[in-house]
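Dear colleague,

Please find the structure below. My notes on the contact between its chains follow.

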There are 2 protein chains.
Amino acid sequence: MIQPVTWIEDRVEFLDQTKLPNEESTFVAHTSDEVAEAISSMIVRGAPAIGISAAYGFALAWLEHGDSAAFEDAVNRLAVARPTAVNLMHGIKFMQQHLQKFTRMGTPNEKISELLIGEALGYHEADIAMNQEIGARGLEAILGIGPEDPRPEALGQKLKVITHCNTGSLATGGYGTALGIIRTLHKKKCIEEVFACETRPFLQGARLTAYELSKDNIPYKLLTDNMAAWLMQTEKIDAIVVGADRIARNGDTANKIGTLALAILAKQFKVPFYVAAPTTTIDLELADGSQIPVEERDKEEVLGYRNTVWAPEDAVAWNPAFDITPADLITGIVTEKFVWQPNDPDFPEFTSEAIL
Amino acid sequence: MIQPVTWIEDRVEFLDQTKLPNEESTFVAHTSDEVAEAISSMIVRGAPAIGISAAYGFALAWLEHGDSAAFEDAVNRLAVARPTAVNLMHGIKFMQQHLQKFTRMGTPNEKISELLIGEALGYHEADIAMNQEIGARGLEAILGIGPEDPRPEALGQKLKVITHCNTGSLATGGYGTALGIIRTLHKKKCIEEVFACETRPFLQGARLTAYELSKDNIPYKLLTDNMAAWLMQTEKIDAIVVGADRIARNGDTANKIGTLALAILAKQFKVPFYVAAPTTTIDLELADGSQIPVEERDKEEVLGYRNTVWAPEDAVAWNPAFDITPADLITGIVTEKFVWQPNDPDFPEFTSEAIL
């Protein structure tokens, strides 16, 4: 399986995602500043993968500086490597809590180094385990079988599944959310074909999802985003599975631009539409999607791709990075703990009790 | 107004569309073979523009060779410049009929040259006039006003309109079908803003429509195709206007890939959805859209854009050039003769009588 970030002895190795798919090169970080560089230059991207990298970076900062002002400075530089990445701070806070615990307990500094590395490794492993759990629950939801009931006839189904953006190993600790479900289905020999939308403007589907599917020998076809309707018209599609950036209490879901269109098309063609995300993506402070701010990015991304510009240079463009899919278009939100159907009248709203 | 093709004295001048939008250069054809080159290399593209170029090419062949086997050979080379372009043959047949008429009448060869140039110019003008008529009828349909009733309050409306692909001056004799309607609305000061979908994979929206809108100072924004749903969610859109490649008797419409998705989104957001095309686009031999063959093009177009490749080199891709929008998703088909509402129970099917 592809690993976006790996701890090896005293360093962190990154699969350089800026060079994918056609060049597989490794970026090695021996210091927390080099980890910050990997994050800010998008050598590593994807919210969970950034959080894991930050945890490893924290451990490297301690190895380098020990208990000192220089250590605090290094952690502060790490924390601002990408301004809006929530998971980056999550990874750092996780490590800080453990560091405070160890210092409170009077653990010697050399021993703390070892313990911090262990915590970061555990943080990474927990992410992979969570994704695998999402995969198992997604399989149940899509095939309609319970965990204790892996009926061979259900497993004998061959599904055609559409996905959007990259929600795979490269975006997470190494398995994936929506793409994790597809991996699990493939392991059970239940995938006929995956249709990966290229995901303009940044083309995560064409670059990263196609790369992951190729690597794992999962049969797939790449398509431009505007082909999905004609695909559903001409082929029987069994499910659409996408990730999520933020989910409100009522199930409204912010995800990569293009998700809303897929959800509306799914309704038209009666295709089940699933969102895959850990429960940490559900923001209990938000009653519904209208409260989710949508980031608008630079217009240059729309005028071309990287150094290739095809639109008039003076063109005006619109570039919302996300859209918000209303809960009533979502068949199920697959988390590591359960599958939530926001249209179920008995459980229309997510509460903190539900997570327990 | 932008002119994709212009007859000047004894030559044809093309605005080289392969170099647009960032370089405006002219390709000059003094011979029919050079016109064939312009067509085959896509210096000129768009069905009506190809037909007009072929008519001029025919006149050039006569100027060069007169009544000879060499003339026939030159016309044959012109006829195969693009294999599937119906309008190319339409332009040549139009000229052949006139040539036959002139020779039957015993017109001297030098005089025939002059007359053929006149016919080609007339063919070109007729296309522009037809587009302007489509524009006028589109204005009526969208604003809800009759030709005799240009109520100032109706004209005072400011509309937000989405379009797809390029259906403008560059694709036609010099005005446009769907973009012709937008031009007419703009002339009447009824355009607030045009939203141009980039139209992957070949990016006609980003390259050509954005160029035309910039040139004509029509306010617009460029967006990736997958942003249209979020646009309709966040802005009140008054109409979607697209072109057509082929329309069946029941109104099912083949057009550039991505059109079907826009039509389904229009239904979801209750936005009127118009198709603009001359009556010659309606194929009376086809009962419905299921009989329209959809061309699949080379996968390389999906893996990147021209020499820029972003997907894995071994990626499998799907590349249908068109999709078919069912008539029940179409508010009106705007032709040069009338606006046909395929969902009108009194006129559900197009007949040849209707054209008369």
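How much area is buried between chain A and chain B, and what share of that area do carbon and sulfur atoms give? The buried area (accessible area, 1.4 Å probe, that two parts lose on being put together, summed over both) is about 4400 Å², and carbon and sulfur atoms account for 69% of it. Trp230(A), Trp310(A) and Trp318(A) supply 20% of what chain A buries against chain B, more than any other three residues.

This is a predicted model, in which local features need pLDDT of at least 70 and side-chain atom pairs count only at pLDDT 80 or more, while totals for chains, interfaces and linings use all residues. Residues are numbered from 1 along each chain as its sequence is written, chains are lettered from A in the order in which they are written, and side-chain values use heavy atoms, with hydrogens and water left out.

The same surface serves both copies, as 100% of the contact residues of chain A (heavy atoms within 4.5 Å) recur in chain B.

Two salt bridges (a side-chain nitrogen of Lys or Arg within 4 Å of a carboxyl oxygen of Asp or Glu) cross the interface. In a salt bridge between Arg200(A) and Glu198(B), the closest N and O atoms are 2.7 Å apart.

Kind regards
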